[in-house]
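Please keep the sequence and the structure in view while reading.

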There are 2 protein chains.
Amino acid sequence: MTSRFGHIKALAFDAYGTLFDTHSIVAACEANFPGKGDALSRLWRSKQLEYTWLLSLMGKYEDFWSVTARALRFSCGALGLKLTGTTEMALLAGYYRLEPFPDTRPALQALSNYRLAILSNGSPAMLHALVANAGLGSAFEKVFSVDAVKVYKPSPKAYQLTCDRLSLEPPQIGFVSGNSFDVTGASRFGLTTFWCDRNGLPLDELDAQPALRITSLEELAKALSG
Amino acid sequence: MTSRFGHIKALAFDAYGTLFDTHSIVAACEANFPGKGDALSRLWRSKQLEYTWLLSLMGKYEDFWSVTARALRFSCGALGLKLTGTTEMALLAGYYRLEPFPDTRPALQALSNYRLAILSNGSPAMLHALVANAGLGSAFEKVFSVDAVKVYKPSPKAYQLTCDRLSLEPPQIGFVSGNSFDVTGASRFGLTTFWCDRNGLPLDELDAQPALRITSLEELAKALSG
């Protein structure tokens, strides 16, 4: 009997919001801006993504560290929070130490018979530190940053990078993301997508057809072995 | 004495959020979903813009009517609101009858010595109905839709359209928008931008340098004659 996903030769994971919890930075936000940590963390993440889209659409590229800094400055301004240079650096440094979601480690272990990779908006330096600080360096064969193609997800060029570097056709790559826009872009590009729906929100109405919706990464190993 | 803005030969206005209040649809949202009108209206607008960016970045184009419908369906789903086909059509039709902001008519009258145009994400049919229903058809020499270039703002192609059709160089066009991302895109493209800051929010941290920040369109006539 051939598994439904027997054609998958490698798994590529989105990093922020999929393997790592961007909202885990909320404690640092709260420590610096009491009572505003949650609002800041959410607006910061939202603007960070928005800026990747706007810059890409303007035909501009700046790496994710720069975009993340810009988004932080805007968010503090919009919320009326005074951001000193010291606080800015301290909060940004949190992106080097985001916490993996509780299901990340066990899932990666259960999937270690696959070639595993990351495909992320993060800059190479950010991703290197992130993975190393979490002690996950040995879990991945490759860590791909869109910095190599100088345009952000959901540009097809971002997803093509994974195919080129792994020497695989799009359907042979199982792509896992907790971000709806990323599932959309990857699905429409042709990767075999797994939507890790951590927040119980509907998928964007953009004709994405993920191969499977899961609610935690641990469901993935079961689905792939089934 | 030469005015600071003496080089401006035409004025192009963004439509949604600049001349017309997208939030004026809140009453219809509230009538259909009591207690949720405000939340729906805001999420709808936010997703509508997000979808224009995501589709453009994926290299896809669908007109603004389609995008607006998709954003409405997502927003109702995310808020747990049941959207029937009839309600969907009724709410969408509201985009044909958005209210001009209170300062729109007097400002257009005061600026009638300029060539006036609209440059909008809206589809040609949406813009035609919008302008006609507001009785503003005679105010504009031209109404440009990004539909002509099949990509949304802030793509440089959207702003180039205005230059091409008006046969003017970028700095000769005064572009007026209440949307930060639009001010950013137009500024970086090279239009002379006027940021109509209706909400008192900081401008996005994306290196836009508008020629002038105004808080209502009526300030524009004063600035241009000064």
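With which residue does A:Arg73 form a salt bridge, and how far apart are the closest N and O atoms? The partner of A:Arg73 is B:Glu205, with the closest N and O atoms 3.7 Å apart; a salt bridge here is a side-chain nitrogen of Lys or Arg within 4 Å of a carboxyl oxygen of Asp or Glu.

The model is predicted, so that local features need pLDDT of at least 70 and side-chain atom pairs count only at pLDDT 80 or more, while totals for chains, interfaces and linings use all residues. Residues are numbered from 1 along each chain as its sequence is written, chains are lettered from A and ligands numbered from 1 in the order in which they are written, and side-chain values use heavy atoms, with hydrogens and water left out.

**The interface**

Across the interface of chain A and chain B the rule finds six salt bridges, and ten residue pairs, both at pLDDT 80 or more, are in polar contact (a pair of N or O atoms within 3.5 Å; within protein, one must be able to donate a hydrogen and the other to accept it, and residues adjacent in sequence count only if both atoms are side-chain atoms). On the side of chain A that touches chain B, helix 2 (37–57), helix 3 (64–78) and helix 8 (180–189) of chain A each supply at least two residues, and helix 2 of chain A gives the most, with eight. Helices (H or I, at least four residues) and strands (E, at least two) are DSSP runs, numbered from the N terminus.

Contact, meaning heavy atoms within 4.5 Å, links 33 residues of chain A with 33 residues of chain B. The area buried between the chains is about 2800 Å², with carbon and sulfur atoms giving 68% of it; this is the accessible area (1.4 Å probe) lost on putting the two parts together, summed over both. Of the area that chain A buries against chain B, A:Leu57, A:Met58 and A:Glu205 supply 25%, more than any other three residues.

**The sheet of chain B**

Chain B holds an open sheet of six strands in the order 5-4-1-6-7-8, with parallel pairing, where two strands pair if DSSP finds at least two bridges between them. Strand 6 (residues 173–177) and strand 7 (residues 192–196) of chain B are joined by four bridges, and B:Ser177 has B:Trp195 in strand 7 as its bridge partner.

| Helix of chain B | Strands of chain B touched | Angle with strand 5 of chain B |
|---|---|---|
| Helix 6 (residues 124–133) | strand 4 (115–120), strand 5 | about 145° |
| Helix 7 (residues 156–166) | strand 1 (10–13), strand 4, strand 5, strand 6 | about 150° |

Key: Axes fitted to C-alpha atoms, helices over the stretch in contact; angles between N-to-C directions.
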